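Reader: Hey, could you walk me through this one? I'll just ask things as they come up.

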Amino acid sequence: MLNKEILQVNHLSKSFGTHQVLKDIDFTVKKGDVTSIIGASGSGKSTLLRCINLLETPTSGEIFFQGEDIRHRKGGASAYRAKVGMVFQSFNLFNNMTVLENCVVGQTKVLKKGKKEAEETAMKFLTKVGMAPYINAKPRQISGGQKQRVAIARALAMNPDVLLFDEPTSALDPEMVGEVLSVMRDLAADGLTMLVVTHEMAFARDVSNRVVFMRDGVIWEDASPEELFSNPQREETKEFLSRFMER
Amino acid sequence: MDKLTQLGSDMVTLWSKYHDMYLDGIANTLILAVVATAIGCLIGFVCGILQTIPYTKSDSVFKRFFLKLIRVLVRVYVEVFRGTPMILQAVFIFFGLPYFTDNALQFTNMWTVSILVVSINTGAYMAESVRGGIISVDPGQTEGAKAIGMNHFQTMLYVILPQALRNILPQIGNNFIINIKDTSVMFIIGFTEFFATHKAVVGASYRYFPSAAIEMIGYLTMTLLASFILRYIEKKMDGSSSYDLAQADALTMAGGTYNHPNRGTPFDERNPEGVKSMLREELRRQAEMEEARQKGRQVEAHQGRHQSTTDSRGE
């Protein structure tokens, strides 16, 4: 199963009005890949992720998921999204539910699992992210880092084939970044296919096996972390990285 | 003062004679207000959901046309029933049905027509409230729900509407209180609610003002009770501000197992023997210090005499 293409993006473009955010993106994700997408703000990283999840409708181009065009897949966008997990910068936990309910509702309502089975699965992943003690808390009662760990557990409980992370640590206080990154590190070690938009260069370098540098809506460079960080091929990549390292 | 006593005795007379009628009126008013507010909320929620079904340019022409048509229809409904007096709506519907069916169809049950009129009137207001409530929920909630594969209906039912409901609960309370009062216009089609009772009592007794005073007190009691109950429901919905840890986490576990380094030593405050011995120790130390100070003073005074004859500190 390894090295099988799980996501394939062909000639993807996205415009908001006259502003073209993504320009003819070609991009594939193989099973087990941990891909980091880096780049300055406004370079189209998040939009790419949101197009892959169909939260944004691409203007043109096509996306294949396990060989099927996602726009013509059985069950429509909802069924597709159930297979592709997403973790947001702003957590987006359901405020009207407890931590446990957050991780159960998708399984019972979307995957039609039984309540008991769903709760067992939820507990498994909540334990994995270290949030098992907090299952009775509401999202407003826990910290940002804890929210994000619950959000990861919620996504994992759906048993996704690929998990997308949209700047998962950007809204966190510095001391909470570590706990989220360490959970993500564990997931990468477990062999989960991950696509991570991030500003955490250390994470991109140490955890991912592939780094994509985006600039002005195009993929500027796409290489292994060793190559990209120690020997960037293009001037712009070098410039971006040096700006980042100075901070 | 005389007048007040007069009013009091008149009210007592009226109440003792007609209290069954008044209580019936109150019961009818409350039942109508509760049922119509509930149905009105339901109408409002349905309209709110229908109005917020999203569509994009890539959707089929038929779907887009259908959704636009729904929005227009809801819009018309809201504007018509929000923009005309309920008393007129009651008359319009009550007499409209037999008019259009040449008396083949008539409202024979006052409850049916009253509930119908008040419900659709409330629904028109609630449709707007619900729409506002849905808009006020963070768009991230919708994205979170979509991201785990929920469709529009599931997203609404499990995530958005529970939060919207909490947000618009004060509005629902408003509508409920307005309905308690405004169902009084249903007397126009012969529904015997609380205000209709007043008219009946006055017709028999000719005591206009005392009966009106009873009505005032009655309505105010109902509305005060309603707002009290609504506040209570709001509080209930917000839930407890604390939560229980399902199991102790690693750090709180340490709380009970930690030993203070002074435990069992004379410095352990929980050890009475230790405290006593510590006190004895402390007293002895103070006595020693006092002794040393006395000695020091003597030495100092002794030296002082040698150094300066104007030293006034000596005893």
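Predicted model: local features only at pLDDT ≥ 70, side-chain atom pairs only at ≥ 80, totals over all residues.

Reader: Setting aside neighbours within four places in sequence, what is A:S13 in contact with?
Author: A:S13 is in contact with A:Q20, A:L22, A:K23, A:D24, A:P58, A:T59 and A:S60. Contact here means heavy atoms within 4.5 Å.

Reader: OK, back to A:S13: why does it count as buried?
Author: Because its relative accessibility is 10%. Buried means under 20% relative accessible area, exposed over 50%, and partly exposed in between, with a 1.4 Å probe and protein chains only. A:S13 lies in strand β1 (residues 5–16) of chain A. Strands are DSSP runs of E with at least two residues, helices are runs of H or I with at least four, and both are numbered from the N terminus.

Reader: New topic: which strands does β3(A) pair with?
Author: β3(A) pairs in the parallel sense with β8(A) over four bridges, and with strand β9 (residues 210–215) of chain A, also parallel and over four bridges. Two strands pair if DSSP finds at least two bridges between them. A:T35 has A:L195 as its bridge partner in β8(A), while A:S36 stands opposite A:V211 in β9(A).

Reader: And how many residues of strand β3 are buried?
Author: Five of its five residues, with β3 covering residues 34–38 of chain A. A:V34, A:S36 and A:I38 point one way, A:T35 and A:I37 the other. In a regular strand the side chains alternate between the two faces of the sheet.

Reader: Switching to chain B, what span does helix α6 have between its end C-alpha atoms?
Author: Helix α6 (residues 152–182) of chain B spans only 36 Å, whereas a straight helix of 31 residues would span 45 Å at 1.5 Å a residue. That expected span is 1.5 Å times one less than the number of residues.

Reader: Where does α6(B) bend?
Author: At B:I168, by about 55°, and a proline, B:P170, follows within four residues. The bend is the angle between axes fitted to the seven residues ending at a residue and the seven starting there.

Definitions and conventions:
Residues numbered from 1 in each chain as written. Chains lettered and ligands numbered in written order. Heavy atoms only, no water.
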